[in-house]
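Here is a short briefing on one protein model. It goes topic by topic, with the cut-offs stated along the way.

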Amino acid sequence: MLPRRRHELPPTAGLPLKLADLRPGRASLAADVAAQLGTPPLALTCSGTAALLIALAALRELKPACRRVVMPAYTCPLVPMAVHQAGLESVLCDLRPGHYDMDPDALRAACDERTLAILPTHLAGRVADVDDALAVANNVGAFVIEDAAQALGARREGNSVGLAGDLGFFSLAAGKGLSIYEGGLFVARDPELRERLQRTARRIAPFKPGWELRRSTELLGYAALYRPRGLRLAYGNPLRSSLRRGDPVAAVGDDFSLPLPLHSVGRWRQAVGAHAATRLPSFIEQCTARAQRYLPRLRAIAGVNVLDDPAGAQGTWPFFMLLLPDQGRRDAALEQLWQAGLGVSRLFIHALPDYAYLRGIVSAVDVPNARDFAARSLTVGNSPWLMESDMDAICIVLETALRKA
């Protein structure tokens with residue numbers, strides 16, 4: 001077992017906040033990020049999940065007879081929960097073998113004239129193949145919503161992700177690059193649809209002082225603790241406590257409940273985000289440069305598959321997503337790395353049908369590729385504090401685990 005470090009590395013690369021970010025200022029976060037990304041106007045709401053909920057509510061008004069939303073069978077459990085809260089039905093699509101994209105044949109089989117929307121997912125900062133979703137959606141008359149919650153700043157053919165489909169949304173949650181602790185942005189290319197989304201947001205996500213006070217307090221905590229010394233208290237100790245209880249779902253923060261909060265974001269948090277956003281482009285560049293330094297080391301380990309982007313795409317690198325040959329060797333590596341403070345973790349513990357609390361929300365369907373992906377994957381954080389010595393320690397454990405039969 002590796003010795004525990006004095007300092008804790010996070011599982012994702014979040015943009016650290018500075019004291020100056022906390023001063024009052026213009027509530028211009030959405031406009032500033034849209035200018036950086038080169039998108040149509042972005043709208044800000046309380047979370048990426050809320051952005052999806054708002055989108056689904058607006059689209060349901062346009063096509064009330066269509067109630068099915070097709071998504072990858074390995075994605076954040078909040079996605080089917082949002083679909084459920086919107087009064088719609090989740091349809092799970094299995095993945096391509098050994099990949100995060102939806103399988104094209106399974107996608108075609110999952111969609112019909114009852115399909116309201118398809119959700120290709122830019123998982124782990126990687127860029128999804130949206131073309132299959134667009135083709136199938138065009139055939140059945142559905143919308144395409146790009147789930148770019150983990151991919152703010154990623155590009156496809158030079159354009160921001162989120163623009164190939166009808167709508168896209170991003171997350172500003174803790175640790176997801178730019179953060180206001182909890183927040184989300186959504187975008188639509190069509191001006192009429194964009195206005196409909198904004199009207200829906202005003203109707204179902206009004207300002208709620210209690211929630212804003214809570215999120216403001218949490219943002220102050222994030223500003224204070226999102227650094228190696230503070231992360232032991234805020235992240236590392238709760239992680240190890242959950243693992244000692246045998247609760248990996250709680251360890252990665254997958255333990256969610258309904259109803260999902262819906263409210264707008266106050267001016268102070270918007271100003272904090274706007275101050276921090278001035279550093280976002282350089283932060284993404286630094287994450288990419290760090291990834292290019294460490295990727296050859298990870299790729300050189302026989303048996304490790306590091307997920308990357310398709311041709312013509314430039315994802316962000318909040319962390320590295322690795323697939324190992326089998327669950328046994330993945331678990332052997334995690335046994336040493338998960339509690340060592342090196343930023344090694346898992347993204348989502350299960351494929352969606354295997355979360356106990358999603359029973360009644362998703363169907364118990366057979367999705368072998370999604371289950372295989374969940375069983376063989378682990379993540380390595382790409383935070384600003386990741387050092388060569390940290391990566392060396394991680395790689396030694398991976399190499400040892402992969403030599404086991």
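What volume does the second largest pocket have? Its volume is about 230 Å³. This is a predicted model: local features need pLDDT of at least 70, side-chain atom pairs count only at pLDDT 80 or more, and totals for chains, interfaces and linings use all residues. Residues are numbered from 1 along each chain as its sequence is written, and side-chain values use heavy atoms, with hydrogens and water left out.

**Second largest pocket**

- A pocket here is an open set of points on a 1 Å grid over the protein atoms alone, where a 1.4 Å probe fits, with protein on both sides within 12 Å along at least five of seven lines.
- The volume is the space filled by probe spheres set on the points, which are joined across faces, edges and corners.
- The second largest pocket is lined by 16 residues, and those closest to its centre are Gln327, Arg330, Asp331, Arg346 and Ile349. Lining residues have an atom within 4 Å of a point.
- Helix H12 (327-337) and helix H13 (368-376) each supply at least two residues of this lining. H12 gives the most, with 5 residues.
- Helices (H or I, at least four residues) and strands (E, at least two) are DSSP runs, numbered from the N terminus.
- By class, the lining has 7 nonpolar, 3 polar and 6 charged residues. Ala, Val, Leu, Ile, Met, Phe, Trp, Tyr, Cys and Pro count as nonpolar, Asp, Glu, Lys and Arg as charged, and the others, Gly among them, as polar.

**Aromatic rings and charges**

- Rings of Phe, Tyr and Trp (its six-membered ring) pair if their centres lie within 6.5 Å; planes under 30 degrees apart count as stacked, over 60 as edge-to-face and the rest as tilted.
- The count by this rule is 7 aromatic pairs. In one of them, Tyr355 and Tyr357 have ring centres 5.6 Å apart and planes at 55 degrees, so the pair is tilted.
- Tyr355 is buried, at 2% relative accessible area, whereas Tyr357 is partly exposed, at 27%. Buried means under 20%, exposed over 50%, and partly exposed in between (1.4 Å probe, protein chains only).
- Tyr181, Tyr222, Tyr226 and Trp385 are linked by ring pairs into a cluster.
- The charged end of Lys63 sits over the ring of Phe143, 5.4 Å from its centre. Arg126 places its charged end over the ring of Trp317, 3.5 Å from the centre.
- A charge sits over a ring if NZ of Lys or CZ of Arg is within 6 Å of the ring centre and within 35 degrees of the ring normal.

**Backbone exceptions**

- Most residues other than glycine have a negative phi, and most peptide bonds are trans.
- The peptide bond from Leu258 to Pro259 is cis, with omega near 0 degrees. Pro259 lies in the loop between helix H9 (248-251) and helix H10 (267-277).
- Ala124 is not a glycine, yet has a positive phi of about 60 degrees. Ala124 is in the loop between strand S4 (115-118) and helix H5 (130-140), and is buried, at 2%.
- Tyr181 also is not a glycine, and has a positive phi of about 75 degrees. The loop holding Tyr181 runs between strand S8 (167-171) and strand S9 (184-188). Tyr181 is partly exposed, at 24%.

**A sheet of 3 strands**

- This open sheet has the order S7-S6-S11, with antiparallel pairing. Strands S7 (159-160) and S11 (313-314) stand at the edges with a single partner each, so one side of each lacks a neighbour in the sheet.
- S6 (residues 155-156) is joined to S11 by 2 bridges; two strands pair if DSSP finds at least two bridges between them.
- Arg156 has Ala313 in S11 as its bridge partner.
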